[in-house]
Amino acid sequence: MADEKNVIDLELPAGKLFAQYPDLPGLLAEMGIENVDAEKTLPEVAADLGVETSVIAFALEASGYSVQGLKAADDGYKSPLDVLFDELETGKRCV
């Protein structure tokens, strides 16, 4: 799990996150996300690019960050991953 100091709040503007985490622009550039408007949040940047915010959040978590403020899309899709992760966290089979 990421250190408490490595928490990315998706509700904050990118400029504030970049000031707090100088390596963040480089991580985003590795994902092909460059020239980010400092006033926009990462979910707004994702929407502009036609990318799901969860993809960016997952990549950031894989890079050692903890992401907060991720809001699931209300498109009616129920991911099977929720069940899998519930099983991993609780040790109980949910089927």
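**Exercise 1. The nonpolar core**

Task: Identify which residues of the largest nonpolar core touch the most other members.

Solution: 
- Start with the rule. A nonpolar core is a set of buried Ala, Val, Leu, Ile, Met, Phe, Trp, Tyr and Cys residues joined through side-chain atoms within 4.5 Å. Buried means under 20% relative accessible area, exposed over 50%, partly exposed in between (1.4 Å probe, protein chains only).
- The largest such core has 19 residues. Touching the most other members are I8, L24, L28, V36, L42 and L60.
- At least two of its residues come from each of α1 (14-20), α2 (24-30), α3 (42-49) and α4.
- Now take L60. Leaving out residues up to four places away in sequence, L60 touches I8, L24, L27, M31, L42, Y65 and V67. Contact here means heavy atoms within 4.5 Å.

This is a predicted model: local features need pLDDT of at least 70, side-chain atom pairs count only at pLDDT 80 or more, and totals for chains, interfaces and linings use all residues. Residues are numbered from 1 along each chain as its sequence is written, and side-chain values use heavy atoms, with hydrogens and water left out.

**Exercise 2. The fold**

Task: Give the order of the elements from the N terminus on.

Solution: 
- Count the elements: five helices and two strands. Both are DSSP runs, numbered from the N terminus (helices: H or I, at least four residues; strands: E, at least two).
- The order is β-α-α-α-α-β-α.
- Check the sequence range of the contacts. Among those with a separation of 6 or more, 54% join residues 24 or more positions apart.
- Of the 95 residues in the protein chain, 27% are buried.

**Exercise 3. The salt bridge**

Task: Find which side chains meet in the salt bridge, and state how exposed D48 and K40 are.

Solution: 
- The cut-off: a side-chain nitrogen of Lys or Arg within 4 Å of a carboxyl oxygen of Asp or Glu.
- The structure has one salt bridge. D48 and K40 form it, at 2.3 Å, N to O.
- D48 counts as exposed because its relative accessibility is 52%. K40 is partly exposed, at 27%.
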